[in-house]
Amino acid sequence: MVRTPLTPWERERGERLGALLRTARGGRSMVEVAAAAGLSAETLRKIETGRAPTPAFFTVAALAGTLGLSLDEVAALATPTDAAPEDAVA
C-alpha cells in the first residue's frame with residue numbers, strides 16, 4: 001500500500017499537536033504519560049516530535065484524557081490557523 005505524502009498543512013497540524021501534548025505533559029515523564037494512555041513511550045515520542053503527524057483518533061483521545069484535555073481543545077489548538085486545503089481532511 002502506498003501512502004500519499006502529507007500536505008504542508010497536515011505536517012503543521014502534526015507539529016502543533018506534538019507541541020500541545022509536550023506542553024500539557026509538563027513535568028511528567030514521557031514513559032508515565034504513555035503508560036497511563038496505554039501507549040508505548042516511542043509512540044508518544046514520535047507524536048510529540050512530529051514524526052507521526054497523523055495518529056489514530058483513539059490514540060489522540062487516550063492522550064487527551066490522560067492529560068486532562070478535551071478533544072475540542074485538542075482540535076482547536078492543534079489545527080493551523082490557515083484554512084485547510086480542500087483535499088486535506090481536517
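**Surface patch, helix packing and salt bridges**

Phe57, Phe58 and Leu71 together make up a nonpolar patch on the surface, with about 360 Å² of accessible area between them. This is a predicted model, in which local features need pLDDT of at least 70 and side-chain atom pairs count only at pLDDT 80 or more, whereas totals for chains, interfaces and linings use all residues. Residues are numbered from 1 along each chain as its sequence is written, and side-chain values use heavy atoms, with hydrogens and water left out.

**The nonpolar patch**

- Patches are built from residues with over 30% relative accessible area and no salt bridge, with like charges joined within 9 Å and nonpolar side chains (Val, Leu, Ile, Met, Phe, Trp, Tyr) joined within 5 Å.
- The accessible areas come from the Shrake-Rupley method with a 1.4 Å probe, and for residues only the protein chains shown count as cover.
- Leu71, one of the patch residues, is found in helix α5, which covers residues 71-78; helices here are DSSP runs (H or I, at least four residues), as strands are (E, at least two), numbered from the N terminus.
- Leu71 has a relative accessible area of 38% and is therefore partly exposed, given that buried means under 20%, exposed means over 50%, and partly exposed lies in between (1.4 Å probe, protein chains only).

**Packing of α2 and α4**

- Helix α2 (residues 30-37) packs with helix α4 (residues 57-67) at an angle of about 115 degrees, and their axes are 8 Å apart; the axes are lines fitted to C-alpha atoms, for helices over the stretch in contact, and angles run from 0 to 180 degrees between N-to-C directions.
- The crossing of α2 and α4 is right-handed, a term that applies if the near helix is turned clockwise from the far one by less than a right angle, with anticlockwise giving left-handed.
- On the α2 side, Val33, Ala36 and Ala37 meet Ala62, Leu63, Thr66 and Leu67 of α4, where contact means heavy atoms within 4.5 Å.

**Salt bridges**

- A salt bridge is counted where a side-chain nitrogen of Lys or Arg lies within 4 Å of a carboxyl oxygen of Asp or Glu, and by this rule the count comes to three salt bridges.
- Arg25 and Glu48 meet through their side chains in a salt bridge of 2.8 Å, N to O, and this pair links distant parts of the chain, with Arg25 in helix α1 (residues 8-25) and Glu48 in helix α3 (residues 41-49), 23 residues apart.
- Arg25 is buried because its relative accessible area is 14%, and Glu48 likewise counts as buried, at 3% relative accessibility.
- Glu42 forms a salt bridge with Arg45, the closest N and O atoms being 3.0 Å apart; both residues lie in helix α3, three residues apart, or about one turn of the helix.
- Glu42 also meets Arg51 in a salt bridge between side chains (3.2 Å, N to O), and Glu42, Arg45 and Arg51 are thus linked in a network of salt bridges.

**The loop between α3 and α4**

- Arg51 lies in the loop between α3 and α4 and, leaving aside its neighbours within four places in sequence, is in contact with Glu42 and Lys46.
- Pro55 is found in the loop between α3 and α4, and touches Leu17, Ile47 and Val60, not counting residues up to four places away in sequence.
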